[in-house]
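Hello,

Here is the structure I promised to pass on. Please have a look, and then read my notes below.

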Amino acid sequence: MKKIVVLISGEGLTLQALIDACKCGRISAEICAVISNKSSAFGLQRAKLENIPTQTFLRKNFVDNQAMDQAIGDYIQSINADLIVLAGYMKILTAEFTQRFVGKILNIHPSLLPKFPGLNTYQQALDAGETEHGTTVHFVNEEVDAGAVVLQAKVPVFPADTVTDIEQRVKTQELRIYPLVVQWFVSDRLKLINGSAYLDGEQLPSHGASY
């Protein structure tokens, strides 16, 4: 059975969806560790309730980001994890880290990439007058939110919507599609080849598959 390590910074709703999917068999893998860069992250408590090992790496304990990511990478390698899943990990990974684990890191971003990389995507969508928004699962590379897209899910944006309205709609989709993509990976259906995402041997389009 393949091993997954999940990196978090906050409440851990996405982590919980992955835990639940593993427990019910929708993901045929084991979450072997949960890592956080914040000791107060509630997601750590979710992991402990399921007897999943946790590790906290605080930036203040390292001379720089590269040293911190080196320590995280060494730990991940020591437990022989097959996949790194970013689930609300609010720290940009160094290029050295992403290159070390190329093709083995997935992230989920609350926009239809390449639109609105970075933060505050819901407000950006409102400000731009978008009629739809969504979420994207992608492989991670050295550039922020720029790795090969695997799967996108769209949601409508209505004229009277607030940021909270859009966020709730997007989060519902995120909790559905992320476990699906993780299962594709651990069952060897999903691979990164020469910087492009392939599903069942077929190269996915630049916007990925649609949910």
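How many salt bridges does the count come to? It comes to 10 salt bridges, where a salt bridge is a side-chain nitrogen of Lys or Arg within 4 Å of a carboxyl oxygen of Asp or Glu.

Before the details, a word on the ground rules. This is a predicted model, in which local features need pLDDT of at least 70 and side-chain atom pairs count only at pLDDT 80 or more, while totals for chains, interfaces and linings use all residues. Residues are numbered from 1 along each chain as its sequence is written, and side-chain values use heavy atoms, with hydrogens and water left out.

**Salt bridges**

One of the salt bridges joins the side chains of Asp69 and Lys91, at 3.7 Å from N to O. Asp69 lies in helix H3 (residues 65–78) and Lys91 in the loop between strand E4 (83–86) and helix H4 (95–100), so this pair ties together parts that are 22 residues apart in sequence. Helices (H or I, at least four residues) and strands (E, at least two) are DSSP runs, numbered from the N terminus. Asp69 is buried, at a relative accessible area of 2%, and Lys91 also counts as buried, at 16%. For these labels, buried means under 20% relative accessible area, exposed over 50%, and partly exposed in between (1.4 Å probe, protein chains only).

Lys115 and Glu130 meet through their side chains in another salt bridge, at 2.8 Å from N to O. Here Lys115 sits in the loop between strand E5 (105–109) and helix H5 (121–127), and Glu130 in the loop between H5 and strand E6 (132–139), 15 residues apart. Lys115 is partly exposed, with 41% relative accessible area.

Asp200 forms a salt bridge with Arg189, and the closest N and O atoms are 2.7 Å apart. Asp200 lies in the loop between strand E9 (196–199) and strand E10 (202–203), and Arg189 in the loop between helix H6 (163–186) and strand E8 (190–193), so the pair ties together parts 11 residues apart in sequence. Asp200 is partly exposed at 46%, and Arg189 is partly exposed at 34%.

**Aromatic rings**

The count of aromatic pairs comes to 3. Rings of Phe, Tyr and Trp (its six-membered ring) pair if their centres lie within 6.5 Å; planes under 30 degrees apart count as stacked, over 60 as edge-to-face and the rest as tilted. Phe57 and Tyr75 form a tilted pair, with 6.3 Å centre to centre and 50° between the planes. Phe57 is in the loop between strand E3 (54–56) and H3, while Tyr75 is in helix H3, 18 residues apart. Both residues are buried, and Phe57, Phe62 and Tyr75 form one aromatic cluster.

UniProt, in an unreviewed entry, places the feature "active site" at His109; its positions are given in the numbering used here, feature names are shortened, and annotations may be inferred rather than shown by experiment. His109 is in strand E5 and is buried, with a relative accessible area of 4%. Leaving aside neighbours within four places in sequence, His109 is in contact (heavy atoms within 4.5 Å) with residues including Thr121, His138, Asp145 and Glu174.

His133 lies in strand E6 and counts as buried at 2% relative accessibility. The side chain of His133 makes a polar contact with the side chain of Thr121 (3.5 Å). A polar contact is a pair of N or O atoms within 3.5 Å; within protein, one must be able to donate a hydrogen and the other to accept it, and residues adjacent in sequence count only if both atoms are side-chain atoms.

Best wishes
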